[in-house]
Every structure is written in C-alpha cells, then in structure tokens.
Amino acid sequence: MQSDISGWRRWGYMAIGPLALFLIWYGVFAAGLVTPKLLPSPVRTLQAIWENMGAGLGQDFLYTLERTLHAFALAALLGVPLGIVVGASEKVYRSIEFLIDFFRSTPATAMFPLFMIIFGLGDFSKISVAAFAAFLVILFNVAYGVMHARPTRVLAARVMGASRLRVFKDVMFYESLPQTFIGLRTGVSMALVVIVVAEMFIGSDNGLGKRIIDSQITFDLPQLYGTILVSGILGYGLNLVFLAAEKLLVHWSGR
C-alpha cells in the first residue's frame with residue numbers, strides 16, 4: 001500500500017512540470033502578451049498534434065526515432081569499448097585528449113558540409129554526423145568513468161592479489177558504469193538533436209525536422225509548435241528509458 005502511494009506521489013510530481021508549462025502558455029496567450037499570429041493557444045496546438053498524427057506526423061516521428069536509434073547504436077558500439085580502452089591507460093588518454101576535446105567542442109552542425117560531401121544527401125549522411133557527435137560524448141564519459149574509479153576499491157583489490165585484468169573487469173568496469181550511463185543518456189539526446197537539425201537542412205523527405213521547417217515556411221504555427229512538442233516528448237521519453245535502465249542495472253551506484 002505504501003509503495004502504491006509513493007508511486008502515485010512520484011507521478012504527481014512528474015505531472016507538475018507539464019501542467020505548469022500548459023498554464024503559463026495559456027496565461028500568456030489569454031492575456032494577449034504575444035500576438036496569436038505568433039503564439040497559438042496550447043489547446044489548438046494539442047489539437048493540431050492529434051489531427052496530424054494520422055496525416056504524417058506519426059510516420060515522421062517514427063522516421064526520426066529510427067534515425068536517432070541507428071546513430072546512437074553506432075556511436076555506442078564504437079564509443080563504449082574505445083572509451084574503456086582509452087580510460088584504462090591514462091597515458092593513452094592524455095595522448096589523444098586534445099583530439100577528443102577538440103572535436104567534442106566543435107559544433108556538429110559545422111560538420112554537415114563535410115559529411116554531405118563524403119556521404120551525399122541520403123539518410124546515412126544524417127545518421128553518420130549524429131553518430132559522430134554522440135560517439136565523442138560517449139567516449140569521453142566512458143573514459144572518464146574508467147579513469148576515476150574509486151581508488152580505495154582498486155587498491156583493495158590489488159592488495160588482495162587480484163591481477164590487473166581482474167581489477168579492471170571486477171572493479172573498474174563496474175565503477176565506471178554510472179558515468180557510462182551519463183554518457184549514453186547525453187549521447188542519445190545529442191543524436192536526436194543532430195538528426196532533427198539534419199532533417200531540417202540536409203535534404204530530407206520526412207522526419208520531424210522536415211515537418212518543422214515545412215510548417216515554418218507555410219506559417220502553420222499550430223503544426224510548428226506541435227511538432228516541436230512532439231520532438232521534446234521523444235527526447236524526454238528516450239531519457240526516461242535510459243534512466244530506468246540505469247536504475248535497474250546500476251542500482252548499487254553510490255554505495
């Protein structure tokens with residue numbers, strides 16, 4: 001019974017944010033602080049989402065989700081093992097630290113022309129640039145997590161005679177998992193952002209980014225705001241998935 005109450009309370013807290021956004025938006029609209037030509041009511045925006053779900057918005061959502069997951073999977077498959085290898089040796093990390101930080105600090109959108117020249121205008125160009133951006137985030141966080149495993153636990157394992165491989169496998173790997181999940185959550189968010197922007201500006205026939213830019217050109221503001229909301233919901237949903245996975249797999253974190 002107590003757990004049921006806690007569950008309802010948790011859902012109640014989570015509902016405060018969306019409700020506050022709706023009320024603030026509606027208050028600004030009702031007070032006329034912004035002209036209705038630029039800010040439709042939240043009710044009309046939600047209606048536009050519902051109306052367009054069967055008119056292509058649902059398909060665009062799935063196209064964007066598919067591209068994001070492909071980019072993230074590619075980034076994770078490369079970033080996690082390389083991050084572990086790099087983080088296991090501080091000398092290796094320091095030797096390539098400049099490259100990691102340089103490209104991680106370079107806006108992914110600045111890489112669009114290069115990836116378009118190399119891969120053309122197809123889906124792979126969008127996926128590859130998003131994977132590149134997410135890969136650097138994941139690589140950095142995994143390497144950082146491995147490098148900063150709790151020294152007391154590492155030392156205790158070594159004192160008990162554990163081999164270097166055993167220390168890495170049974171101590172450093174698990175100690176790095178919380179930071180690894182931070183990298184994965186940040187990486188999937190980065191992949192989504194880059195995919196949506198790529199759909200807007202790298203010739204695309206579908207996707208949420210394409211729908212946003214089309215709505216802006218035709219000045220269909222309810223659809224514009226609605227698609228932006230759907231993009232935000234997608235990002236928030238992906239974040240919740242990784243938070244749930246982290247809670248399940250890294251339940252011992254902080255102990």
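Trainee: How many residues line the largest pocket, and which of them lie nearest its centre?

Mentor: The largest pocket has a lining of 14 residues, and those nearest its centre are Pro18, Leu21, Leu46, Leu229 and Ile233. The elements that contribute two or more residues to this lining are α1 (2-30), α2 (42-88) and α9 (221-249), and α1 gives the largest share, seven residues. Please keep in mind that this is a predicted model, in which local features need pLDDT of at least 70 and side-chain atom pairs count only at pLDDT 80 or more, while totals for chains, interfaces and linings use all residues. Residues are numbered from 1 along each chain as its sequence is written, and side-chain values use heavy atoms, with hydrogens and water left out.

Trainee: Which classes of residue make up the lining of the largest pocket?

Mentor: The lining has 13 nonpolar residues, one polar residue and no charged residues. Here Ala, Val, Leu, Ile, Met, Phe, Trp, Tyr, Cys and Pro count as nonpolar, Asp, Glu, Lys and Arg as charged, and the others, Gly among them, as polar.

Trainee: How many helices and strands does the chain have?

Mentor: The protein chain has nine helices and zero strands, where helices (H or I, at least four residues) and strands (E, at least two) are DSSP runs numbered from the N terminus.

Trainee: Why is the pair Arg67 and Glu199 called a salt bridge?

Mentor: The term requires a side-chain nitrogen of Lys or Arg within 4 Å of a carboxyl oxygen of Asp or Glu. The closest N and O atoms of Arg67 and Glu199 are 2.6 Å apart, so the pair meets that cut-off. Arg67 belongs to helix α2 and Glu199 to helix α7 (residues 164-201), so that the pair links parts of the chain 132 residues apart.

Trainee: Are these two residues buried or exposed?

Mentor: Buried means under 20% relative accessible area, exposed over 50%, and partly exposed in between (1.4 Å probe, protein chains only). Arg67 has 5% and is therefore buried, and Glu199, with 1%, is buried as well.

Trainee: What do Arg185 and Glu246 tie together?

Mentor: Their side chains meet in a salt bridge at 3.4 Å, N to O. Arg185 lies in helix α7 and Glu246 in helix α9, so the pair ties together parts that are 61 residues apart in sequence. Glu246 is buried, because its 16% falls under the 20% cut-off. Elsewhere, salt bridges with shared partners join Arg67, Asp123, Lys126 and Glu199 into one network, and the whole structure holds eight salt bridges.

Trainee: Which residues does Ser204 touch?

Mentor: Contact means heavy atoms within 4.5 Å; leaving aside neighbours within four places in sequence, Ser204 is in contact with Arg67, Lys126, Glu199 and Lys210. Ser204 lies in the loop between α7 and α8 (208-218), and at 7% relative accessibility Ser204 counts as buried.

Trainee: What makes Gly187 buried?

Mentor: Gly187, placed in helix α7, has 0% relative accessibility, so it is under the cut-off and counts as buried. Gly187 touches Phe72, Ala134, Val137 and Ile138, not counting residues up to four places away in sequence, and the C-alpha atoms of Gly187 and Ala134 are separated by 4.4 Å.

Notes: 1 Å grid on protein atoms, 1.4 Å probe; cavity = no way out; pocket = protein on both sides within 12 Å on 5 of 7 lines; lining within 4 Å.
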